[in-house]
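Hi,

Here is the structure I said I would pass on.

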Amino acid sequence: MADLLAVLHWFSQNMLQNPAFFVGLLVFIGYSLLKKPFHEIFAGFIKATVGYLIVNVGAGGLIATFRPILLALAEKFQLEAAVLDPYFGLVAANAKLETMGFISVAAKALLIGFGVNSLLVAFRKVTKVRTLVITGHIMVQQAATISVFVLYLIPSFQNAFGAWAIGIICGLYWGVSSNLTVEATQRLTRGGGFAIGHQQQFAIWFVDKVAPFFGKKEESLDHVKLPKSLSLFHDTVVASATLMLVFFGGILSLLGPEIMANTTLIGAGAYVPTKQAFVMYVLQTSLTFSVYLFILMQGVRLFVAELISAFQGISSKLLPGSFPAVDVSASYGFGSSNAVLSGFAFGLMGQLMTIALLVAFKSPILIITGFVPVFFDNAAIAVYADKRGGFKAALVLSFISGILQVAGGALAISLLNLTGGYHGNSDLAVPWVGFGYLFNNLGVLGYVLVCLFLLAIPQCQFWKAKDKEAYFRGDVPKA
């Protein structure tokens, strides 16, 4: 037993929580099942792993560039507020668990949850769940926050069974929510063979359903006619660099060189007056966002191509009818080139408007926008919405998403009594807040009801499918 636990611990630390190598392992297994030559198997492993590492560089660079600006804003305006960001949320959740004496429970729940998700897929003919979430870094963040939901709101689980209770509901959420994205993602990617396992799966399903009511898919962002003087914005690099220059250039100019030179406050790499003019610092920092976005997109193309090819071996030989649920950024390359930027911009507007309302109505909880929810959630929402309902759906739904992120985040912080931060991503700001209130008011009964609700969702999906065999094949929906 001790040896088995040691193996599981090694797998969790080195593979499950390091999705680049986990994706590489899946590609290795998939190509092996397809009986590819060893040199092709090895090449696939390398390209998938390196591609995911490139994605990490792009995403990490975007976050690292924004975080000093976030800290500087808090210092400039003396804000004592919670940041909507999964990394701030992870710190806040771990701090809460530590005060409760359950700091190690999330790691155990992570393994249990992955096991539950695996069982749901293994018994997919019964559960109707087809997706295995493999984004380990996201699962770590969610396991910690969900641990607070369960243990803080349901004191009856503050015992040895607590880790199992958390792990079971994590596994159900991961399997069921990612399963909701199969049809939408197959439609977007024209049969790409993967689903989304991130932090906005319920939002993607909802957007895919309602976007057609806003307009026609033929009216996509790619077909928006711009004046000749603005036609350069059809180029993603130019559009992203210009948007970031306007947005972040304005913020940095407002903050000024004194705060941005304070390395004690915002860390190394800040503006140093003796070496660089402030205007050049503003220009460089703003354009750096465009650089990291370009890097992220290149990494996505590299690892997704290998994963799609290799998972055919797993889905045909090992787990027929299954799909890997990957990082939401994998969807970006299949939509309009400007959907990502439009989603970011309009989602940010929604967030800022809601934050202003919180201030105006003297809310006891003040929210600071974080880069991860405002970028990754709203970019994905715009990509999926634009594909189904054109540019109107992309802009309106990403704007609404920004509103819900702030409003739901404020409710969650109040409910869980957190300090410093919260996830802010769509699923944690909307459905999980609803789950939390059920936990808070009904206790164990609320927990059972949520589990039954999650189990019922894929059954409803299967029941509504006109072709039951096509449901497991993941055929591209016609409409």
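**Cysteines**

The sulfur of cysteine 451 has its closest cysteine sulfur in cysteine 170, 10 Å away, which is too far for a bond. Before I go on, the ground rules: this is a predicted model, so local features need pLDDT of at least 70 and side-chain atom pairs count only at pLDDT 80 or more, while totals for chains, interfaces and linings use all residues. Residues are numbered from 1 along each chain as its sequence is written, and side-chain values use heavy atoms, with hydrogens and water left out.

Back to cysteine 451: this residue is buried, at a relative accessible area of 10% (buried is under 20% relative accessible area, exposed is over 50%, and partly exposed is in between, with a 1.4 Å probe and protein chains only). Cysteine 460 is partly exposed, with 44% relative accessibility. Searching the whole structure turns up zero disulfides, a disulfide being a pair of cysteine sulfur atoms within 2.5 Å.

**The largest pocket**

The largest pocket holds about 1300 Å³ of space. It is lined by 37 residues, and the closest to its centre are Glu183, Arg187, Trp205, Asp208 and Lys209. Elements that give two or more residues to this lining are helices H9 (182-189), H10 (201-210), H15 (371-416), H16 (426-429), H18 (444-464) and H19 (468-473). Sorted by class, the lining has 22 nonpolar, four polar and 11 charged residues.

How I got there: on a 1 Å grid over the protein atoms alone, a pocket is an open set of points with protein on both sides within 12 Å along at least five of seven lines, a cavity is a set where a 1.4 Å probe fits but cannot get out, and lining residues have an atom within 4 Å of a point. A volume is the space filled by probe spheres set on the points, which are joined across faces, edges and corners. For the classes, Ala, Val, Leu, Ile, Met, Phe, Trp, Tyr, Cys and Pro are nonpolar, Asp, Glu, Lys and Arg are charged, and the others, Gly among them, are polar. Helices (H or I, at least four residues) and strands (E, at least two) are DSSP runs, numbered from the N terminus.

Two of those helices have something else to show. H10 is mostly covered, with seven of its 10 residues buried: Gln201, Phe202, Ala203, Ile204, Val207, Asp208 and Val210. In H9 there is glutamine 186, which is buried at 4% relative accessible area. A polar atom of the glutamine 186 side chain lies 3.3 Å from the backbone nitrogen of glycine 192.

**The largest cavity**

How many cavities of 30 Å³ or more are there? The count comes to one. The largest cavity has a volume of about 30 Å³, and its lining is made up of Ile63, Phe66, Arg67, Leu70, Asp85 and Phe371. Helix H3 (residues 38-76) gives the most to that lining, with four residues. By class, the cavity lining has four nonpolar, no polar and two charged residues.

**Strands**

There is an open sheet of three strands in the order S5-S1-S6, with parallel pairing. Its edge strands, S5 (367-369) and S6 (421-422), each pair on one side only. (Strands pair if DSSP finds at least two bridges between them.) S1 (residues 82-84) and S5 are joined over three bridges in the parallel sense, and valine 83 has isoleucine 368 of S5 as its bridge partner.

Elsewhere, S4 (residues 323-326) runs parallel to S2 (residues 131-133), with three bridges between them; valine 133 has alanine 325 as its bridge partner in S4. S4 also runs parallel to S3, joined by two bridges, and isoleucine 196 stands opposite valine 326 there. Phe323 and Ala325 point one way from S4 and Pro324 and Val326 the other way, and all are buried.

Arginine 190 is not a glycine, yet has a positive phi of about 55 degrees. You will find it in the loop between H9 and strand S3 (195-196), where arginine 190 is exposed at 69% relative accessible area. Asparagine 417 also has a positive phi of about 55 degrees without being a glycine. Asparagine 417 lies in the loop between H15 and S6 and is partly exposed, at 46% relative accessibility.

Cheers

Key: Polar contact = N/O pair within 3.5 Å; in protein donor to acceptor, adjacent residues only side chain to side chain.
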